[in-house]
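User: I'm new to this one. Can you walk me through it?
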Amino acid sequence: MSSHDVIIIHPPAVFDFRKKPLFPGALGASVEQVQFNKVPIGMLSMAEYLDRHGYRAKVDNLGDRMVASPTFDAEEHLRNLSAPIIAIGLHFQQHAQGALEVARLCKKFHPGSVIVMGGLSATRFHEEIIRKYDFVDAVIRAEGEKALLQFVRAYEQHGRITDTPNLTYRTGEGEVRVTPLMPASTDLDEFEFTRFDLLDPGTSVYPPNAPPRWSLTVCRGCIYNCAICGGSAYTYKTHLGMGKPAFRSPAKIITDIKKLNDQGVHFIGLYQDPRMGGRKYWRELLSGLAKEKVEIERLSLDLLVPADEEFIREASKIGRQVVIHLCPDTGSDEVRRRLGRPYDNEELLRTVEICHKYRLPVTTFFSVGLAGETADDVKKTWEIWEKLSAIDRSSQAAGMVDVPLGGPIVGPIVLDPGSPAFDDPEKHGYKLLYKNLEEYVGGLSQPSWHQWLNYETDLLDNAALVDLILDTVRFSTDQREKSGLYDYKQALAERIRTVLDREVVAEINRIMTMGEGEEREAAVAALKLKHEHFLNRPVESFLQ
């Protein structure tokens with residue numbers, strides 16, 4: 001007898017990342033960091049919804065198991081699973097190779113089990129998955145909780161795949177069958193997002209070497225249309241059938257926090273901007289957080305656009321350490337408007353200053369490589385970064401903030417599958433390099449981070465993007481040293497890493513001119529050994 005009715009697997013980004021020589025470069029300090037092993041919170045709600053209705057379900061964080069232990073035998077683990085239905089997440093596009101390889105192995109080891117995929121990227125590529133990958137039996141599109149339950153019930157009743165909502169599958173005649181979407185959720189109160197007892201390993205929701213933390217969803221959906229975002233209003237309407245966001249009530253969110261407290265979690269993030277629910281909604285949420293006896297050591301709040309003083313003042317009354325997250329992406333007002341964020345730098349700076357007035361620190365997030373962006377525009381990002389850092393230093397010196405400020409955060413972008421720019425790249429100033437899932441898998445299977453970028457812009461090819469990204473990484477190191485976030489040795493180590501990243505890109509490009517086969521593989525492996533040798537040298541040795 002199977003130990004579970006449904007096992008939901010969170011895969012690594014690249015299944016054989018522990019064996020293949022990979023160079024994460026500007027995307028992460030290590031190969032392990034770019035496996036994205038934190039489970040999407042929707043996996044927990046799907047498992048809980050099945051459990052609530054009498055089915056034995058669990059979420060298996062395979063990616064975390066593989067990151068945590070170099071000796072963990074992933075194939076043997078998959079071989080030992082036991083469930084008539086095995087569901088594999090393909091939410092973030094970075095998991096394309098890992099998710100498909102896990103699906104292939106599950107079908108190989110368990111030919112009698114039904115292999116299902118789901119998530120945002122699986123939804124965008126649903127027909128291609130069923131058409132090209134015969135080891136995947138079905139894709140659950142859009143929201144998964146109710147659709148997966150109906151699928152499980154129908155399979156239990158009929159012993160085969162039949163029409164249920166949100167389903168794409170292969171018929172007995174080999175045809176691709178797509179069923180209609182069920183009505184989208186109008187609120188999220190019927191779901192639960194904190195059942196860590198359904199997750200294995202249970203501690204895999206927590207980051208390593210840090211206090212336990214978890215994010216809760218304010219809503220599902222969005223009212224904004226950022227061009228590169230797979231969570232945009234366009235994406236939810238076009239691919240998930242959701243015309244407007246579905247919110248979780250403030251009372252439910254506070255109950256969620258108490259449940260997290262019971263499980264030892266006191267660092268909590270609220271994902272999505274509560275102001276999208278209207279003034280009544282966000283005031284009820286913030287006042288509830290201030291009045292209720294919830295244990296919060298730090299609470300992060302997302303702002304998708306600048307805030308007025310009323311909102312910031314009310315957030316400051318929560319009485320715990322609150323950190324505001326704001327994502328301007330660029331220092332160019334014109335590039336930001338083209339991205340779909342219609343506000344200027346003055347509004348951004350004013351919001352940060354008001355936050356500091358009420359002792360709320362702000363973490364800002366920037367990107368490099370947006371459509372319409374030039375080297376001069378990137379310098380505008382550096383300029384706004386310097387202004388933000390100066391505000392931070394001034395506020396810290398005046399004792400206006402209660403927690404250490406980490407400075408702005410910067411990184412490359414990806415075009416999320418299903419985003420406005422992915423579905424209509426020319427309109428938004430992009431050129432897609434990977435237009436379908438098969439091309440994604442090929443690109444993400446390459447050894448270097450610069451080959452994983454899935455686009456170019458109307459002004460920047462891959463080489464120009466890489467130069468701007470690495471120049472900005474170098475600038476961020478300089479700023480962190482200037483602000484005291486890095487000492488001299490830390491800054492030197494980061495600069496060395498950036499120089500090595502640039503050299504790796506050039507060498508990988510040279511190696512790729514070789515014919516495919518053992519010679520190329522040997523050259524990449526040799527480069528990896530050389531790269532690791534330099535990274536493992538004491539920083540002091542570079543001063544000699």
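User: Is Arg 502 buried, partly exposed or exposed?
Analyst: Arg 502 counts as partly exposed, at 32% relative accessibility. Buried means under 20% relative accessible area, exposed over 50%, and partly exposed in between, using a 1.4 Å probe and protein chains only. This is a predicted model: local features need pLDDT of at least 70, side-chain atom pairs count only at pLDDT 80 or more, and totals for chains, interfaces and linings use all residues. Residues are numbered from 1 along each chain as its sequence is written, and side-chain values use heavy atoms, with hydrogens and water left out.

User: What does Arg 502 meet in a salt bridge?
Analyst: Asp 471, at 3.0 Å from N to O. A salt bridge is a side-chain nitrogen of Lys or Arg within 4 Å of a carboxyl oxygen of Asp or Glu. Arg 502 lies in helix α19 and Asp 471 in helix α18, so the pair ties together parts that are 31 residues apart in sequence. Helices (H or I, at least four residues) and strands (E, at least two) are DSSP runs, numbered from the N terminus.

User: How many salt bridges does a search of the whole structure find?
Analyst: 40. One of them links Asp 200 and Arg 65, with the closest N and O atoms 3.0 Å apart. Asp 200 sits in strand β8 and Arg 65 in helix α2, so this pair ties together parts 135 residues apart in sequence. Arg 65 counts as buried at 16%, while Asp 200 is partly exposed at 31%.

User: New topic. What is the strand order in the open sheet of eight?
Analyst: The order is β7-β6-β5-β4-β3-β1-β2-β8, with mixed pairing. Strands β7 and β8 stand at the edges with a single partner strand each, so one side of each has no neighbour in the sheet. Two strands pair if DSSP finds at least two bridges between them.

User: How do β2 and β8 run?
Analyst: Parallel, joined by two bridges. Val 59 has Leu 199 of β8 as its bridge partner.

User: Back to helix α2. Which residue there is buried yet has no salt bridge?
Analyst: Asp 64, which lies in helix α2. Asp 64 is buried without a salt bridge, and the nearest side chain of opposite charge, Arg 65, is 7.4 Å away. Lys and Arg count as positive, Asp and Glu as negative; His and the chain ends are not counted.

User: What does Asp 64 touch?
Analyst: Asn 37, Pro 201 and Ser 204, not counting residues up to four places away in sequence. Contact means heavy atoms within 4.5 Å.
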